[in-house]
Amino acid sequence: MRSTLLLTTILLITGLRAQTPVTVSIAPGYADQVWYSLQNGVVGTAPVNDWDLAFEIQGFTASVLVNTQKAGVEVVKTPFSIAQWSSVDTTGLSTWPRAHNADTSWSFGALNQGPFADEFDLGWGNYNMITHVVAGDTIFLVRLGSGTWRKLRIDGLATGTYTFTHANLDGSDELIGQLNKAAYSTKNFAYWDLEAHTVVDREPANDSWDLTFVKYVSFIPQPYGVTGVLQNKGIEAARMAGMPPADADWTTAAYNAHINTIGFDWKRFDMQTFQWVIEDSLSYFVKDQSGQVWHLAFTGFGGSTSGTIDFTQELVSATGLAEDARPAELRAWPNPSVDGLVTIDAGDARVLGLEVLDAAGRVVRSGDAVNGSPFTLDQDGLGAGMYTLRLDTDRGPAVARVLLR
């Protein structure tokens, strides 16, 4: 792969453009997750079923993912507080909503979903701005791949260490786990297997990959398992639809950092022929870790039989566009707002897209790239309550919560 990409770079510099055919396999039955560098090819592969929880290492959102694509796994946010740990029961379980990881951002895991009590509520716990400790306040039920239900609480995040407890519903087999973020400082997430009660180190360093090929849950509009391509944190991509790939222009593309910009819908299943069909008027531009721009066009999909994904990649801009590595800082005021107008300042970070979520975690407003900061967001028409402002920026995600009165 390295020699092929070097040849691509030489052809680009000399005025010729070369498309490199690539095949990535996530194994029959979509059994693997593959991490991929546009410059260097596959950099990591791991079984998709070897984890249950994933704890965010970078940033301030303390996202906790649940592997709901593992066969049989479900997660439910219960109405019980941590103080009621010993009295948890399943009365009403069928009516409690199932939680899923967001498919637009790595920073909203299944345990981070609303409703939110205030701007410091992370879903599973609350952040104390004086002690800088996140204290858990919620009990979850997780059905494991074995079919066993476990109750789970994230006890807290303090001095860089997550502490969590899980047990059978009757309180037996109670286990306490800890995960120190410093031990995984080069990763986006560290993973945990609840059945084996052990950490799983499965993800490559976050500066080594651009895309991951994996099955995940999308919302179309109901949660549904799909297979596709997600972006690394901070990796920008642009969807070029309605035109042959040869006509797409990277200089006019609208880039954003939503992790599912590529996603799954570059293919569809034809119910007449019972075959996968690739959309031939759809392609993507992706800025890699160094800022080089690549053009991707999908050419084949093997389905669950082989798990192969075929595409071409073409280097269209070898100019380094490396971004400032500092995380985006987001301020929003007035807070609370009485007239629906909220001013947002992301500093010198470039805003690539934004979403407004209500207390139930539903997206109620969205927007594309914003030129300049600060800017004013008009929330007129939304009811009183707590809302989450979620921005994708060229330095990764940034989040703030605003109370409307």
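Q: Where in the chain does Pro221 lie?
A: Pro221 belongs to the loop between E15 and E16. The model in view is a predicted one, and the values in this dialogue are computed from it.

Q: Which peptide bond here is cis?
A: As a general idea, most residues other than glycine have a negative phi, and most peptide bonds are trans. In this structure a cis peptide bond joins Ile220 and Pro221, with omega at about -10°.

Q: Which residues other than glycine have a positive phi?
A: Tyr30 is one of them, with phi near 55°, and Ala62 is another, with phi of about 50°. Tyr30 sits in the loop between strand E1 (20–25) and E2, whereas Ala62 sits in the loop between strand E4 (53–56) and strand E5 (64–66).

Q: Are Tyr30 and Ala62 buried or exposed?
A: The cut-off for a buried residue is under 20% relative accessible area. Tyr30 has a relative accessibility of 14% and therefore counts as buried, and Ala62, with a relative accessible area of 5%, is buried because its value also falls under that cut-off.

Q: How is strand E15 paired with other strands?
A: In general, strands of a sheet pair through backbone hydrogen bonds, either parallel or antiparallel. Strand E2 (residues 32–37) is joined to E15 by three bridges, and the two run antiparallel; within this pairing, Trp35 has Thr212 of E15 as its bridge partner. E15 also pairs in the antiparallel sense with strand E16 (residues 223–231), over nine bridges, and here Phe213 stands opposite Val229 in E16.

Q: Why is strand E15 described as largely enclosed by the rest of the structure?
A: Strand E15 covers residues 211–219, and eight of its nine residues are buried, so the rest of the structure largely encloses it.

Q: How many aromatic pairs does the structure hold, and why does the pair of Phe213 and Phe311 count as stacked?
A: A pair of aromatic rings is described by the distance of the centres and the angle of the planes. The structure holds 19 aromatic pairs. In the pair of Phe213 and Phe311 the ring centres are 5.8 Å apart and the planes stand at 20°, so this pair is stacked. It links distant parts of the chain, since Phe213 is in strand E15 and Phe311 in strand E22 (residues 308–317), 98 residues apart. Phe213 and Phe311 are both buried.

Q: Which angle do the planes of Tyr284 and Phe298 make?
A: The planes of Tyr284 and Phe298 stand at 80° with the ring centres 6.0 Å apart, so the pair is edge-to-face. Tyr284 comes from strand E20 (residues 282–287) and Phe298 from strand E21 (residues 293–301), 14 residues apart, and both residues are buried. Ring pairs also link residues into a cluster, whose members include Tyr30, Phe213, Tyr284, Phe298, Phe301 and Phe311.

Q: Which lysines lie over a ring?
A: Lys267 has its charged end over the ring of Phe301, 5.0 Å from the ring centre, and Lys151 lies over the face of Trp85, at 4.7 Å from the centre of that ring.

Q: In what order do the four strands of the open sheet stand?
A: The order is E26-E25-E28-E29, and the pairing is antiparallel. Strand E26 (363–367) and strand E29 (396–404) stand at the edges with a single partner strand each, so one side of each has no neighbour in the sheet. Neighbouring strands of this sheet are turned against each other by 20° on average, direction ignored. Strand E25 (residues 351–357) pairs with strand E28 (residues 385–393) over six bridges, and the bridge partner of Gly353 in E28 is Asp392.

Q: Is Asp345 buried or exposed?
A: Asp345, found in strand E24 (residues 341–345), counts as buried because its relative accessibility is 14%. Leaving aside neighbours within four places in sequence, Asp345 is in contact with residues including Glu329, Arg331, Trp333 and Pro374.

Key
Residues are numbered from 1 along each chain as its sequence is written. This is a predicted model: local features need pLDDT of at least 70, side-chain atom pairs count only at pLDDT 80 or more; totals for chains, interfaces and linings use all residues. Side-chain values use heavy atoms; hydrogens and water are left out. Two strands pair if DSSP finds at least two bridges between them. Axes are lines fitted to C-alpha atoms, for helices over the stretch in contact, and angles run from 0 to 180 degrees between N-to-C directions. Buried means under 20% relative accessible area, exposed over 50%, partly exposed in between (1.4 Å probe, protein chains only). Contact means heavy atoms within 4.5 Å. Rings of Phe, Tyr and Trp (its six-membered ring) pair if their centres lie within 6.5 Å; planes under 30 degrees apart count as stacked, over 60 as edge-to-face and the rest as tilted. A charge sits over a ring if NZ of Lys or CZ of Arg is within 6 Å of the ring centre and within 35 degrees of the ring normal.
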